[in-house]
Amino acid sequence: MTADASARPIRVLLAKPGLDGHDRGAKVLARGLRDEGFEVIYTGLRQTPEMVADAAEQEDVDVVGLSILSGAHMTLLPRIVELIRAKGLDDVLVAAGGIIPDADVASLKAVGVAEVFGPGTTIGQVATYFRDHARRRG
C-alpha cells in the first residue's frame with residue numbers, strides 16, 4: 001500500500017436494499033462512521049442489488065455496508081455480493097447489519113458477506129471491524 005493510499009480515509013458505501021423503509025439506524029451509522037474518520041456515501045432507501053453494485057463501482061469504495069430489516073436478506077444480500085464480484089470488486093468488504101436471524105449468518109458468510117452486525121452493535125465495533133478488515137482501494 002502506498003503512503004497516499006494509507007493516508008486516505010476508508011470509503012464506505014451504506015445502502016438500504018429492498019423495500020425496507022426504515023433507515024434511522026443506517027443514518028446514525030453513517031454519521032458515526034464519519035465521526036470516526038471514514039468517508040461515507042449513503043445511497044438512501046429502496047435500492048436494488050444492481051443499484052448497490054453500480055454505486056460501489058462508481059464510488060470506488062473499500063466497504064459496502066448493507067442495512068436490512070425487511071426479512072429479504074437471504075435473497076438480496078447474496079445477489080448484491082454476486083453483482084459486486086462480477087464487477088471485479090473482489091477486494092471490497094461486504095458487511096450487513098439489521099434484523100438477521102442467527103441461523104442465517106453462516107449462509108450469508110458462505111456467499112461472501114464478511115460480517116453480520118446485529119442489534120446492539122456499537123458504532124465503535126463496526127468502525128474497528130472495518131479498519132481491521134477493509135483493504136483500501138486506490
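Modeller: Two strands pair if DSSP finds at least two bridges between them; strands are DSSP runs of E with at least two residues, helices are runs of H or I with at least four, and both are numbered from the N terminus. This is a predicted model, in which local features need pLDDT of at least 70 and side-chain atom pairs pLDDT 80 or more, while totals for chains, interfaces and linings use all residues. Residues are numbered from 1 along each chain as its sequence is written, and side-chain values use heavy atoms, without hydrogens and water.

Colleague: What makes strand β1 and β2 a pair?

Modeller: Strand β1 (residues 11-15) and β2 are joined in the parallel sense over four bridges, and at least two are required, so they pair. Arginine 11 stands opposite glutamate 39 in β2. Helix α2 (residues 24-35) packs on the sheet and touches β1, β2 and β3 (63-68), where contact means heavy atoms within 4.5 Å. The direction of α2 makes about 160° with that of β2; such angles run from 0 to 180 degrees between N-to-C directions, with axes fitted to C-alpha atoms, for helices over the stretch in contact.

Colleague: In what order do the five strands of the open sheet lie?

Modeller: The order is β2-β1-β3-β4-β5, with parallel pairing. β2 (39-42) and β5 (115-117) are the edge strands, since each pairs on one side only. From one strand to the next, the twist averages 20°.

Colleague: Which residues have the most contacts inside the largest nonpolar core?

Modeller: They are Leu13, Val64, Leu66, Leu77 and Ile84, in a core of 26 residues. A nonpolar core is a set of buried Ala, Val, Leu, Ile, Met, Phe, Trp, Tyr and Cys residues joined through side-chain atoms within 4.5 Å. Two or more residues each come from β1, α3 (49-59), β3, α4 (73-86), β4 (93-98) and α5 (102-110). The largest share, six residues, comes from α4. Apart from this core lies another, of 17 residues, among them Ile10, Val63, Ala127 and Ala134.

Colleague: Why is the pair of phenylalanine 38 and phenylalanine 130 called edge-to-face?

Modeller: A search of the whole structure finds three aromatic pairs. In this one the ring centres are 6.3 Å apart and the planes are at 75°. Rings of Phe, Tyr and Trp (its six-membered ring) pair with centres within 6.5 Å, and planes under 30 degrees apart are stacked, over 60 edge-to-face and the rest tilted, so the name follows. Phenylalanine 38 is in the loop between α2 and β2 and phenylalanine 130 in helix α6 (residues 123-133), 92 residues apart.

Colleague: Why does phenylalanine 130 count as buried?

Modeller: Its relative accessibility is 2%, and buried means under 20% relative accessible area, exposed over 50%, and partly exposed in between (1.4 Å probe, protein chains only). Phenylalanine 38, at 7%, is buried because it also falls under that limit.

Colleague: How do you know that the rings of phenylalanine 117 and phenylalanine 130 are edge-to-face?

Modeller: Their centres are 6.2 Å apart and their planes are at 80°, so this pair is edge-to-face. Phenylalanine 117 is in strand β5, 13 residues from phenylalanine 130 in helix α6. Ring pairs link Phe38, Phe117, Tyr129 and Phe130 into a cluster.

Colleague: Why does lysine 27 count as partly exposed?

Modeller: Lysine 27, in helix α2, has 48% relative accessibility, which lies between the limits for buried and exposed and therefore counts as partly exposed.
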